[in-house]
Amino acid sequence: VYMLADPGTIFLFKAGSTMIVATIQCLCVGKKFSMEQWKAMFLQGVGMIIVQYNPCKSSSRYEPKAYFLMVLSTVLTGLCAVRNEY
């Protein structure tokens with residue numbers, strides 16, 4: 001992954017694990033979140049999308065493989081966090 005994207009982008013995706021953990025907890029464990037919490041997580045996701053868009057090329061900054069690997073890593077981190085909590 002570090003060969004495909006810069007460390008800042010990878011850290012940004014790792015910070016997005018909050019949304020993954022919340023979604024997994026909501027779907028699998030039944031944990032409830034307030035509307036304000038969901039709004040905050042939504043805004044974080046929108047911010048991640050905006051940062052990854054390159055307006056000069058009208059495309060994303062990296063190839064899809066890099067995003068796939070970062071999302072996979074983030075999902076695995078989220079699953080481990082949920083498993084450790086419950």
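**A buried threonine and its helix pair**

Thr74 is buried, because its relative accessible area is 5% and the cut-off for buried is under 20%. The model is predicted, and the chain averages a pLDDT of 87.

**Thr74 and its surroundings**

- Thr74 lies in helix α4, which spans residues 64-85.
- Leaving out residues up to four places away in sequence, Thr74 touches Phe13, Lys14, Gly16, Ser17 and Ile20.
- Phe13 and Lys14, two of the residues touched by Thr74, belong to helix α1.

**Helix α1 against helix α4**

- The axis of helix α1 (residues 7-15) comes within 9 Å of the axis of helix α4, and the two cross at roughly 40°.
- That angle makes α1 oblique to α4, because angles under 35 degrees count as roughly parallel and those of 65 to 115 as roughly perpendicular.
- The crossing of the two helices is right-handed.
- On the α1 side, the contact is made by Thr9, Ile10, Phe13 and Lys14.
- On the α4 side, the residues met are Tyr67, Met70, Val71, Ser73, Thr74 and Thr77.
- By class, the residues of this contact comprise five nonpolar, four polar and one charged.

**Confidence along the chain**

- Of the residues, 100% score a pLDDT of at least 70.
- Confidence is highest in helix α3 (residues 35-52), with a mean of 90.
- Confidence is lowest in strand β1 (residues 53-54), where the mean is 83.

Methods: Residues are numbered from 1 along each chain as its sequence is written. This is a predicted model: local features need pLDDT of at least 70, side-chain atom pairs count only at pLDDT 80 or more; totals for chains, interfaces and linings use all residues. Side-chain values use heavy atoms; hydrogens and water are left out. pLDDT is the predictor's confidence in each residue, from 0 to 100. Helices (H or I, at least four residues) and strands (E, at least two) are DSSP runs, numbered from the N terminus. Axes are lines fitted to C-alpha atoms, for helices over the stretch in contact, and angles run from 0 to 180 degrees between N-to-C directions. Angles under 35 degrees count as roughly parallel, over 145 as roughly antiparallel, 65 to 115 as roughly perpendicular and the rest as oblique. A crossing is left-handed if the near helix is turned anticlockwise from the far one by less than a right angle, and right-handed if clockwise. Contact means heavy atoms within 4.5 Å. Ala, Val, Leu, Ile, Met, Phe, Trp, Tyr, Cys and Pro count as nonpolar, Asp, Glu, Lys and Arg as charged, and the others, Gly among them, as polar. Buried means under 20% relative accessible area, exposed over 50%, partly exposed in between (1.4 Å probe, protein chains only).
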